[in-house]
Amino acid sequence: MPRKPSLDLNKYKPFILPLVILCLVVFSGLFLLKPKISQILGVRRNLSSQKTKLAQLTTKVAALQGLDEVELEERTKVLLGVLPSQKDLPGALVTIKSVTNAAGLELRGIQVEPGEISTESAQPEPTKKYNLPFLEFKITVGGNRTQFEDFLTKLVLTAPLMQATTVEITQADGGAIEADLKLDVFFLPLPSTLGAVEKPLASITPQEEGIYQQLSRISPAQTGTISPIQSGKENPFTP
């Protein structure tokens, strides 16, 4: 019976040791170079990300340079006049007094809702009534019907933005009336964050431009001093 030829390993012995050494060198090299390779790949990814951000910033800078600085300041002034960035109780009082005087009415009483002017936590949730925070006033005015109608017209055309929510009119003798109103005076805090620097500059939409044009028609009230008026509450500290 013929014998199968056996594999003679002796003739491969001169190659085994160099092969083992070569494998050790390759695997050691891969093990040692792997962190460096990962670092190089990470640097390349970072450079690519930086290039993208640089391109975005370049586009944003070009857009900012294209804005009219004078017009931007004027628009900001108009909007902050219509919607102050914080609660302005003295300004609201002056405005209400000014509009009342301009209409020829007598401001017989004014009261601020308690808690509205203390802290932000005391402010009602905007979503419960409006999308804007507000101060709420209760006022009493006296005059004739024509003066009162003029007062309501001037109210919606005077900054800061305000709205009469309830009106109760009492008819007196001789055509005179007395009206109790609730007024909401709005404000809008500035954003707490400006967003990512590389984000594109948002452009003004036609709808937003239309809103601005409407708000720009609202003029500030004539400034003046507030004369003493009935607050609606007695001073508990007065003897």
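This is a predicted model: local features need pLDDT of at least 70, side-chain atom pairs count only at pLDDT 80 or more; totals for chains, interfaces and linings use all residues.
R145 touches I169, Q171, G175 and I177, leaving aside residues up to four places away in sequence.

N144 caps the N-terminal end of α4, with a side-chain oxygen 3.2 Å from the backbone nitrogen of T146. Now turn to the helix as a whole, which spans residues 145-155 and has F148, F151 and L155 as its buried residues. Why do these three lie on the same side of α4? They cover an arc of only 55° around the axis, and that places them on one side of the helix. As for what covers the buried residues of α4, the list includes helix α3 (89-102) along with the strands β2 (134-144), β3 (158-159), β4 (162-171) and β5 (176-186).

K154 pairs with D150, their closest N and O atoms being 2.8 Å apart. Both residues belong to α4 and are four residues apart, about one turn of the helix. How exposed are the two partners? K154 is partly exposed, with a relative accessible area of 28%, and D150 also counts as partly exposed, at 27%.

That pair is one of five salt bridges found in a search of the whole structure. R75 and E71 are four residues apart in helix α2 (residues 69-82), so about one helical turn separates them. At 38% relative accessibility, E71 counts as partly exposed. R75, by contrast, counts as buried because its relative accessibility is 17%, which falls below the 20% limit for that class.

R75 has a further partner: it forms a salt bridge with E209, the closest N and O atoms being 3.0 Å apart. Here the reach along the chain is quite another matter, because R75 lies in helix α2 and E209 in helix α5 (residues 206-215), so the pair ties together parts that are 134 residues apart in sequence. E209 counts as partly exposed, at 23% relative accessibility. Through shared partners, the salt bridges join E71, R75 and E209 into one network.

With these local pictures in mind, step back to the whole chain. The chain has five helices and six strands, and from the N terminus on, the elements run α-α-α-β-β-α-β-β-β-α-β. Of the contacts with a separation of 6 or more, 79% are between residues 24 or more positions apart. The R75 and E209 pair, with its 134 residues of separation, is an example of a link across the sequence. Buried residues make up 22% of the 239 residues in the chain. The exposed surface comes to about 17,700 Å², with carbon and sulfur atoms supplying 61% of it.

Finally, how confident is the predictor in what you see? The chain averages a pLDDT of 78, and 74% of the residues score at least 70. Among the elements, β2 has the highest mean pLDDT, 93, whereas helix α1 (residues 13-65) has the lowest, 75. Recall that β2 is also among the elements covering the buried residues of α4. Two stretches call for a separate look. Over residues 115-127 the pLDDT stays under 50, and the model has 20 contacts beyond four places in sequence for them. Over residues 225-239 the pLDDT likewise stays under 50, with 14 contacts beyond four places in sequence.

Notes
Residues are numbered from 1 along each chain as its sequence is written. Side-chain values use heavy atoms; hydrogens and water are left out. Buried means under 20% relative accessible area, exposed over 50%, partly exposed in between (1.4 Å probe, protein chains only). Helices (H or I, at least four residues) and strands (E, at least two) are DSSP runs, numbered from the N terminus. The arc is that of the directions from the helix axis to the C-beta atoms. Contact means heavy atoms within 4.5 Å. A polar contact is a pair of N or O atoms within 3.5 Å; within protein, one must be able to donate a hydrogen and the other to accept it, and residues adjacent in sequence count only if both atoms are side-chain atoms. pLDDT is the predictor's confidence in each residue, from 0 to 100. A salt bridge is a side-chain nitrogen of Lys or Arg within 4 Å of a carboxyl oxygen of Asp or Glu. Accessible areas come from the Shrake-Rupley method with a 1.4 Å probe; for residues, only the protein chains shown count as cover.
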